[in-house]
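These are my notebook entries on a single structure. I set down what I looked up, entry by entry.

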Amino acid sequence: VAQDKLSARNILDRTAERMLVSGGVTANFTTTSFQGAEPQKSITGTMDILGEKYVMKTPNICTWFNGKEQWNLLADNKEVTLTSPTPEEIQVSSPMSFIGIYKHGFNLSSNKTELRGRKVWDVTLKQEPSTIIISIDCETFYPLCIRVCNEGNWTRISINNFNSGAGLTNSYFNFTANEYPGYEIIDLR
């Protein structure tokens, strides 16, 4: 009953707390872009997160971020770009960006509903011209879906197989060149 009375901010606070667990979290995702209501393109992948560090892998692009440096691997071009991203660039690329964004000028609301047979809170963050809706499992406080609308076009990130305490280490979030022979490394730091 107490959980039914949680505010949107409380729900997001608890979700942030769950996402930042010791040992990190892993999940599978599918990102689909929509033009209006019509799906345009989908990409599947995995994400591994430990605090602010992350690794995201899709069939053609892999990104490693160790908290300071970011490596972007483009499989089609056999090249890896190394950068030291600004906080603004991290905000755009990090799968954890929604964790703190709600604290910065968004109007928040929430309602209980169901998604994939699970009870969830749909937490809505509004700040013109954008709307973000995060569907959060009522039991685990893990995000199951993130939908971002900007000027009538949507991006949906469906998240599956969330696992916490994944045993991730800091070294995992560094690109290891010898695992990718033949790739050109372009240092843009």
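**Entry 1: Lys-53**

I began with Lys-53, which I found in strand S3. Strands here (E, at least two residues) and helices (H or I, at least four residues) are DSSP runs, numbered from the N terminus. I note that this is a predicted model, in which local features need pLDDT of at least 70 and side-chain atom pairs count only at pLDDT 80 or more, while totals for chains, interfaces and linings use all residues. Residues are numbered from 1 along each chain as its sequence is written, and side-chain values use heavy atoms, with hydrogens and water left out.

A salt bridge requires a side-chain nitrogen of Lys or Arg within 4 Å of a carboxyl oxygen of Asp or Glu.

I did find a polar contact of 3.4 Å between the side chains of Lys-53 and Asn-170. Such a contact is a pair of N or O atoms within 3.5 Å; within protein, one must be able to donate a hydrogen and the other to accept it, and residues adjacent in sequence count only if both atoms are side-chain atoms. Beyond neighbours within four places in sequence, Lys-53 is in contact (heavy atoms within 4.5 Å) with Asp-48, Phe-65, Asn-66, Gly-67, Asn-170 and Phe-173.

**Entry 2: the sheet**

I then traced the strands. S3 (residues 53-57) pairs with S4 (residues 61-65) in the antiparallel sense over 4 bridges, and Lys-57 stands opposite Cys-62 in S4. Two strands pair if DSSP finds at least two bridges between them.

The open sheet has 12 strands in the order S7-S8-S9-S10-S11-S1-S2-S3-S4-S5-S6-S12, with mixed pairing. Its edge strands, S7 (107-115) and S12 (184-187), each pair on one side only. Neighbouring strands of this sheet are turned by 20° against each other on average, direction ignored. Axes are lines fitted to C-alpha atoms, for helices over the stretch in contact, and angles run from 0 to 180 degrees between N-to-C directions.

Helix H1 (residues 8-19) lies across several strands, including S1, S2 and S7, and runs at about 70° to S7.

**Entry 3: salt bridges**

How many salt bridges does the structure hold? I recorded 4.

Arg-118 and Asp-137 meet at 2.8 Å, N to O. This pair links strand S8 to strand S9, with the two residues 19 apart in the chain. Arg-118 is partly exposed at 38%, whereas Asp-137 counts as buried at 3%.

Arg-147 bridges to Asp-122, with the closest N and O atoms 3.6 Å apart. Arg-147 lies in S10 and Asp-122 in S8, 25 residues apart; both are buried.

In the pair of Arg-189 and Asp-187, the closest N and O atoms are 2.5 Å apart. Salt bridges with shared partners join Glu-69, Asp-187 and Arg-189 into one network.

**Entry 4: Thr-31**

Last, I looked up Thr-31 in strand S1, which counts as partly exposed at 22%. Its C-alpha atom is 9.5 Å from that of Arg-147, 116 residues apart along the chain.

Technical notes
Buried < 20%, exposed > 50% of the residue type's maximum accessible area, 1.4 Å probe, protein only.
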